[in-house]
Amino acid sequence: MHCMCIPTLIKYPKLSSWFWLSYKPSTLFLVLYNATMGDMDEPTPENYWSLTEGVFNCLIDTERSNVFEQAIKNTVQKGDIIVDMGAGTGILSLFAAQAGAKKVYAIEFDNRNVVTLQKTIEVNGFKDTIQILHGDVTKIDLPETVDVVIGEMIATGLIEELQIPAMQNIRRFMHSTTRVVLREYISYIDLVSNKDEYYGFKFPIVRYEYSDEESLISDPLSLKEEYSRIDFLKNEIESGVNVDVNITIQKNGILNGLRISSHTVLFDDSTLDGTFAYSYPIILPLTPCEVYRGDQFQVKLSYLYCKGFGNLEYSVVPLKNVL
Ligand SMILES: C[S@@+](CC[C@H](N)C(=O)[O-])C[C@H]1O[C@@H](n2cnc3c(N)ncnc32)[C@H](O)[C@@H]1O
């Protein structure tokens with residue numbers, strides 16, 4: 001799953017165009033790789049679903065949840081009106097209620113989550129503070145304007161999940177000093193060597209670096225380059241990315257992955273990188289090839305935010321050796 005806490009891909013992404021021409025470090029001008037993840041259904045609320053396991057994983061991801069707890073407590077003031085976008089188990093709503101919120105509107109789309117969320121609110125004694133709004137966060141109207149926006153509908157690189165459309169809808173109910181707990185999200189790429197063999201077979205598939213599984217962690221072959229920065233306090237957010245980034249190999253190795261990773265800045269200036277269930281790095285597969293320190297590649301990456309892997313395209317082309 002994608003942030004394990006989230007509704008995930010409806011169909012598995014397929015590599016629709018994948019070719020390997022040839023690559024020799026001495027002749028660095030051949031197209032190395034070109035792939036697209038085409039033909040996916042777009043995740044819309046109608047076909048989106050939520051895994052019970054997913055919201056539980058968010059809950060037990062203490063690294064993630066503790067950072068959110070602290071940020072919510074540093075941001076919410078007594079008497080505030082709050083909205084929680086995609087409430088799931090309700091953990092972020094509970095932190096806000098505990099921090100002294102007067103009202104928390106907990107928006108949740110998934111029927112099963114709504115039923116258990118109601119029980120959770122009741123057994124924890126927050127029936128009068130937390131009100132569930134059962135509906136689609138990208139369309140729903142709120143009964144009043146809010147002082148604080150919370151919500152974690154983030155998947156790595158903002159490829160999946162709905163943080164941007166959710167924020168764009170909820171923005172209609174913000175006033176000039178509304179605080180947004182998940183304030184900034186920055187995405188990076190680097191070139192890596194990553195385990196792609198299982199049970200003796202090769203798998204040119206999208207892979208994930210879950211922080212609790214050491215064998216999944218990549219060996220970085222280059223430095224990380226920032227390719228996207230979203231400030232959720234701003235009114236205008238681009239619809240997607242379309243970037244060309246030149247990346248230089250820092251050490252010899254077998255290149256077989258383009259890694260996407262992230263950095264989140266919260267309203268109280270605390271930060272969060274990938275955790276067990278939050279925005280863990282994604283490895284997009286590359287045809288394996290030997291690379292040498294100083295080799296330079298041009299990475300092209302494009303996708304629309306929060307529309308899934310269906311529109312994601314990437315290529316990695318050798319340029320020259322710069323050392
Ligand atoms: C990543 S989980 C986060 C759960 C919880 N906020 C937390 O931090 O543990 C995202 C939640 O958003 C819900 N969700 C997904 N799409 C939604 C939509 N369009 N409208 C409302 N809720 C949605 C999912 O059902 C899931 O419970």
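**Helix H1 and an overview**

In H1, the residues Gly54, Val55 and Cys58 are buried. Viewed down the axis of H1, these buried residues fall within an arc of 90°, so they line one face of the helix. Their packing partners are helix H2 (62-75) and H4. The model described here is predicted.

**The protein as a whole**

- The protein has five helices and 19 strands.
- Of its 323 residues, 45% count as buried.
- Among contacts between residues at least 6 apart in sequence, 77% join residues at least 24 apart.

**The five-stranded sheet**

- Five strands form an open sheet in the order E5-E4-E3-E6-E7, and their pairing is parallel.
- Strand E5 (130-134) and strand E7 (174-180) stand at the edges; each has a single partner strand, so one side of each is left without a neighbour in the sheet.
- From one strand to the next, the twist averages 25°.
- Within this sheet, strand E3 (residues 81-85) and strand E4 (residues 103-108) run parallel and are joined by five bridges.
- In that pairing, isoleucine 81 stands opposite lysine 103 in E4.
- Helix H4 (residues 111-123) packs on the sheet and touches E4 and E5. The direction of H4 makes about 170° with that of E5.
- As background, strands of a sheet pair through backbone hydrogen bonds, either parallel or antiparallel.

**Helix H4**

- H4 has 13 residues and reaches 19 Å from its first C-alpha to its last, which is close to the 18 Å expected at 1.5 Å a residue.
- An α-helix has 3.6 residues a turn, so residues three or four places apart point the same way.
- Glycine 125 follows H4 and has a positive phi, near 75°.

**The packing of H2 and H3**

- Two packed helices are described by the angle between their axes and the distance between the axes.
- The axes of H2 and helix H3 (residues 91-98) come within 9 Å and cross at roughly 35°.
- The crossing in which H2 passes H3 is right-handed.
- From H2, the residues Ser65, Phe68, Glu69, Ile72 and Lys73 meet Ile91, Leu92, Phe95 and Ala96 in H3.

**Two loop residues with positive phi**

- Most residues other than glycine have a negative phi.
- Glutamate 161 is not a glycine, yet it has a positive phi of about 60°. This glutamate 161 is found in the loop between strand E6 (146-151) and helix H5 (163-170).
- Is glutamate 161 buried or exposed? With 26 C-beta neighbours inside 10 Å, glutamate 161 counts as buried, because the threshold for burial is 20 or more.
- Aspartate 269 is likewise not a glycine, and its phi is positive at about 75°. Its place is in the loop between strand E15 (253-266) and strand E16 (271-272).
- Aspartate 269 has 10 C-beta neighbours inside 10 Å and therefore counts as exposed, the limit for that class being 12 or fewer.

- Glutamate 184 is found in strand E8 (residues 182-193). Because it has 18 C-beta neighbours inside 10 Å, glutamate 184 counts as partly exposed.
- Leaving aside neighbours within four places in sequence, glutamate 184 is in contact with Arg229, Ile230, Asp231, Phe232 and Val265.
- The C-alpha atoms of glutamate 184 and leucine 233 are separated by 8.0 Å, although these residues are 49 residues apart along the chain.
- Lysine 139 lies in the loop between E5 and E6. With 10 C-beta neighbours inside 10 Å, lysine 139 counts as exposed.
- Lysine 139 and isoleucine 170 are 31 residues apart in sequence, while their C-alpha atoms are 8.4 Å apart in space.

Conventions: Residues numbered from 1 in each chain as written. Predicted model: local features only at pLDDT ≥ 70, side-chain atom pairs only at ≥ 80, totals over all residues. Pairing = 2+ DSSP bridges. Helix = DSSP H or I, 4+ residues; strand = E, 2+ residues; numbered from the N terminus. Axes fitted to C-alpha atoms, helices over the stretch in contact; angles between N-to-C directions. Contact = placed C-beta atoms within 7 Å. Expected span 1.5 Å × (residues − 1). Arc of directions from axis to C-beta. Left-handed = near helix turned anticlockwise from the far one by under 90°.
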